[in-house]
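Biologist: I am new to this structure and would like to go through it with you. Could you bring it up, please?

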Amino acid sequence: MKRKLAENESSDIEKTNDAAVETTKKNKKSKHGDFSGQEITRLKETEALFHSSLFRLQMSELLKEVSVKLKLQARVKEAFEALSKMVKGLSVGKVHKITDREWLQSKSIKVPLIENPASVKGVFQFLPPVNVRLSGSFVLDTAVKPDVVADVVMEIPKESFNPKDYLNQRYTRKRALYLAAVASKLHKKKRIEDLKFTYFLGNPYKPVLLVTVKGSDSKSVQLCLHAVPETDTFRLSRFHVSRNNVRPKWFLGKAGSGAEFDEEDDSLLPATPFYNSNILHDLCMSTNDSFIEKMLKGAEGLSQGIKLLKVWLRQRELSQGFGAFSSCLITAYVVYLLMTKKLNKIMNCYQVFRTTLLSLSKADWTSEAPSLYEGKQDRSQPAVDEFRDVGQSVFVDRTGYFNIAYMMTPTFFARVKHEAGLAIKALDHSHHNCFDVLFMTHLSFARSFDHIFHINLTSELIEAASKKVVDSSQKEMDLGGHLNILLSQHIQIQLSKALDRRICLVQPLLSVSRKWNISDEPYSFNEENHLTFGLVLDATCAFNILDKGPLGNPGNPEAKEFREFWGEKSEPRRFKDGTIHEAVLWTSSPCQSDRRLVCKKIVKFVLERHCGVPRRSVHYMAGKLDSLLHLNLASKNENLIYGTGEEQSLAVIRAYDQVNRALRALTSLPLSIHSIQGIHPVFRHSDVFPALPAPVGADDISVVSGHVVPKEGKSLPQFVPAMTVMCMLESSGKWPEEAEAIKCLKALFHVKMGKELHEKHLLPVSVHKTYVDVLKDGFVFRLKIANTRELAVLRTVVTDSGMIKFRETEESVALEKEIIALPHLTSLLHGLQQEHPAYSATVRLCKRWIASQMVWSLLREEAVELIVAYLFIFPHPYTAPADPSVGLMRFLHFFVTFNWKANPLMVNLNKEFSEEDLTSIPKDFMKNRATLPSMCIATPQDKTGTKWTKPTPSESHLQRLILLARESLKILESQIMTDYLSSDFKLIFRPPLEHYDLVIRLLKKANVLAHQSVDGPHEVPACVEEKSLADGQPLPVIEFNVARKYFHDLQSIFGDVAMFFHDPFGGNVIGMVWKAQATEKKDFKISLFPYRKPIVCENEVINLELQKESILDDIRVLGGGIVECIECPKQL
């Protein structure tokens, strides 16, 4: 349907244009009287084809920014003419043997080709090119900045080649010698500033010469010099994909000097499709270039659409490197769509962009290969099936002989198809800023894949691994000895088969073309010391611990194939339906953290069994940050499993469900409980370290009135958090009209609730005026009774004149969050966790990073949870994270790149935003921006976006968070991609302390959460015994954390003069920064006397100056028995 719409859009535009122009002529004084006909047409076209005028404006500005300016075009043409004149004027060279290098060594020039084997017959003589022409994007007006390199094609005279030069790399070596000869003659020219070699699209068979030419205006231009033969130098049929043009005896060195010309019957020899395609690329270049230029001539919309597509590909790192989806391919594909009438020349750039992506998202370049060839297929031309059998993607060129996509594997095309599908989904979200998603967001390899692993390569490993490849010697011969490429392709095939439904994509990190000086040895792919691969997981299947195979019948060939593939891992298993299947069990652990690494076990097993890569050479990046969420339990209870906390969250929720049932059964309250909802982060699966069962039975405690009391002189008790649960009572008109009376009545209800829970349900309780603490399965739940009447009373304000007004107060805002906003948010985020299993670990890892940077107090927990939720609800340009590590990187990147000043973050929880909301919220935000906080996170329940971001973070705090996130992201991506062998992955979780004015170090004995710290002992000190889980135990010491209380005291006492920073999860450091306003001299006022002393200024005016030494002394006194030392990185 969408394709039909795309085909008919142009006719609709023409009708709209005609109608608009005619209407304007007839009604000059209509409501559009101030607009011209062209402007009206543009408005109608924008409404029909674009998301908004802003989106159209952004695309127009992008095209202006990336398009090559007229001055640069003129500079390129002038440089081309100068270079063309130089090249055509080069003299004829002497005749040399192909293996002779003395004539180049005298000029310090190296041949830009890896010659393997070294010996080959034939002679080479340099002849000036018969033609030099501009080619590629500059001719088509599709070049995009910033990397502007114009392609220049030199046609080598066919007299330079012998009839048999297609054999045994003689053509490729002559081509490389031709470029070396040109370089040797150009490097002394005055206008030539620099000469470098590189590989075209990373192909080691395709060296090109990069020439930097100085323009007449002293500005340089870079030209890429290609060398190709004349079109009729060789017969195209000679390079059929099924034919052999590299003789095995010559390549493998198993014969004498005559080895090149035996085995004349190549039908019995192994095919060399890659080698053949490289020569066909050069032979067919002129034909394909002229056809594409003819098709795109005069079509501005098509050329602009291609520019947008190039920007889109470049931002996703899809257009550079060996086997990439190059700009040549995307241009040819647009021409193919034009031939098949899915595009037309009157379409605008947006229509071309969208239609091309839509076609790519549905394309299959193996079963339904596109083709530029229109004639009747000749017998000598390969059939599509023959192209497909080679194992690469297929896109047939204009001649019908050449596969344009011969370097691209099906797995890489699957990535392009996947990205195109995501782009279309982003475009369909009309109310999101899809322009930034499509064109402005750079997708690094580290953030694009859920799992990344590296394979360290050695010459011994490569040799051993190549033996695992079927027909490895033949494929090595076809690739010219580049075993890294062969191994990479083999690994992709094996992993795709092994991981199957567990993954959406598997892709290697493409080797980007390197540049080297003309006097240096050519770059060899075999010099790379590692291969890198990325996996995009399918979260619905990726974490399955069992691979179920075919029926385990002895004569079943599928079962035999399954056993051969999985080896000793495969075993017959009986399933619930009674059938016996071959199956592979990867882990028996119930921990989610272990299940997330099932793919790691599969990858290492398959690489060792089928690729010859030992496990020690595989470095898997997933799970590197799990230790930051892990706790080692000193427990004899085998059923108590922590992992990275998911299982412990579920244990808390199971205990909560039992308390919930007990609360539902209460009969002593005069009003029934309408709803029960936990509001602690653990109920949202976002508590960084979910609570452990409270320990009892230790020798250093005593029990007084059912409560645990630590003995004097013993260590501090283990921290036991209280998880708040709101119990909303049904509505009633009998509630008092005064807030204090309501509080007293609630206290009575708490007494009744605690008494019944203790007497009828045998639960240990501790009753307080504002809450009831209940112990269940070792977890403490803090029950609070709430009612909506109290909220209404708190909002009622009586003025001095006796008028009653309703307005928000600090108390009412806090209560509204507690009884309405938090329960609703908890319910929604709990549902999000059920849909996305990685949400819990991701949000907790993000919180752990924020806390570790000692900025926990600058950003509310709920704000972090909503930002991470947004990454799962609207993950574009990615899929939803399936691993917490990549989720953290995306969180950091989003935090840095999102424009908090210009846009509200709209988190569409449960898809409850209406169309009107999606339009009105940004408008209201811009209208009231001056009065709104620095960060606004809008939800369907909070459309202003201020509930969780007011009063913090302030603008300066937000900039501090952004700075920390930017630097942490750089370090983490570098560790994952390059420094993975020696990296300490906890580095970004250690805060810099040199920027603080004071650093307060706490005693270890005062830190009851030391086991949660980044570098501390991760073993919980108290032993959790079986009896600690029994009901009826005494209530432990609840919410007792000396370090946290000391930190809060510092904030409350000295908060007017300084800011304090602390990691609440085991941090043993408190940082302090003086407030700038506090350090200034103040007027002499009694109210400003605390911690200030009077001083006489130059003009004999008495002011007050801050006494920093007195504050330091009080901090030390206040921290007696808690503080180890106080450091001053800066002078007071």
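Biologist: Let us begin with P877. Which residues does P877 touch, not counting those up to four places away in sequence?

Modeller: P877 touches R316, E419, L422, V437, T441 and L443, where contact means heavy atoms within 4.5 Å. Before going on, please note that this is a predicted model, in which local features need pLDDT of at least 70 and side-chain atom pairs count only at pLDDT 80 or more, while totals for chains, interfaces and linings use all residues. Residues are numbered from 1 along each chain as its sequence is written, and side-chain values use heavy atoms, with hydrogens and water left out.

Biologist: Where is P877 placed?

Modeller: P877 is in the loop between helix 29 (861–873) and helix 30 (884–897). Helices (H or I, at least four residues) and strands (E, at least two) are DSSP runs, numbered from the N terminus.

Biologist: And is P877 buried or exposed?

Modeller: P877 counts as buried because its relative accessibility is 6%. Buried means under 20% relative accessible area, exposed means over 50%, and partly exposed lies in between (1.4 Å probe, protein chains only).

Biologist: How far apart are the C-alpha atoms of P877 and R316?

Modeller: They are separated by 9.3 Å, although P877 and R316 are 561 residues apart along the chain.

Biologist: Let us turn to the whole chain. How many helices and strands does the chain have?

Modeller: The secondary structure comes to 35 helices and 35 strands. The C-alpha atoms fill a box of roughly 105 × 90 × 70 Å, taken along the principal axes. Of the 1132 residues, 56% count as buried. Among contacts with a separation of 6 or more, 73% are between residues 24 or more positions apart.

Biologist: Which residues have the most contacts inside the largest nonpolar core?

Modeller: They are F325, W365, F891 and W900, in a core of 268 residues. A nonpolar core is a set of buried Ala, Val, Leu, Ile, Met, Phe, Trp, Tyr and Cys residues joined through side-chain atoms within 4.5 Å. Leaving aside neighbours within four places in sequence, the contacts of F325 include W365, L313, I330, M408 and F412. There is also a second, separate core of 34 residues, which includes L663, W735, V765 and V772.

Biologist: Now the sheets. What is the order of the strands in the open sheet of three?

Modeller: The order is 12-14-13, with antiparallel pairing; two strands pair if DSSP finds at least two bridges between them. Strand 12 (546–551) and strand 13 (571–574) stand at the edges with a single partner strand each, so one side of each has no neighbour in the sheet. Neighbouring strands are turned by 45° against each other on average, direction ignored. For such angles, axes are lines fitted to C-alpha atoms, for helices over the stretch in contact, and angles run from 0 to 180 degrees between N-to-C directions.

Biologist: How many bridges pair strand 13 with strand 14?

Modeller: Strand 13 and strand 14 (residues 580–585) pair over four bridges. R573 has H581 in strand 14 as its bridge partner. Helix 21 (residues 557–566) packs on this sheet, where it touches strand 12 and strand 14, and its direction makes about 145° with that of strand 12.

Biologist: Which side chain meets that of R563 in a salt bridge?

Modeller: The side chain of E582 does, at 2.9 Å from N to O. A salt bridge is a side-chain nitrogen of Lys or Arg within 4 Å of a carboxyl oxygen of Asp or Glu. R563 lies in helix 21 and E582 in strand 14, so the pair ties together parts 19 residues apart in sequence. R563 is partly exposed, with a relative accessible area of 30%, whereas E582 counts as buried at 3%.

Biologist: How many salt bridges does the structure hold?

Modeller: The structure holds 46 salt bridges. One of them joins E78 to R191, with the closest N and O atoms 2.9 Å apart. This pair links distant parts of the chain, 113 residues apart: E78 is in helix 4 (residues 70–88), and R191 is in the loop between helix 7 (170–186) and strand 5 (192–199). Another salt bridge is formed by D165 and K174, whose closest N and O atoms are 2.6 Å apart. Both D165 and K174 are buried.
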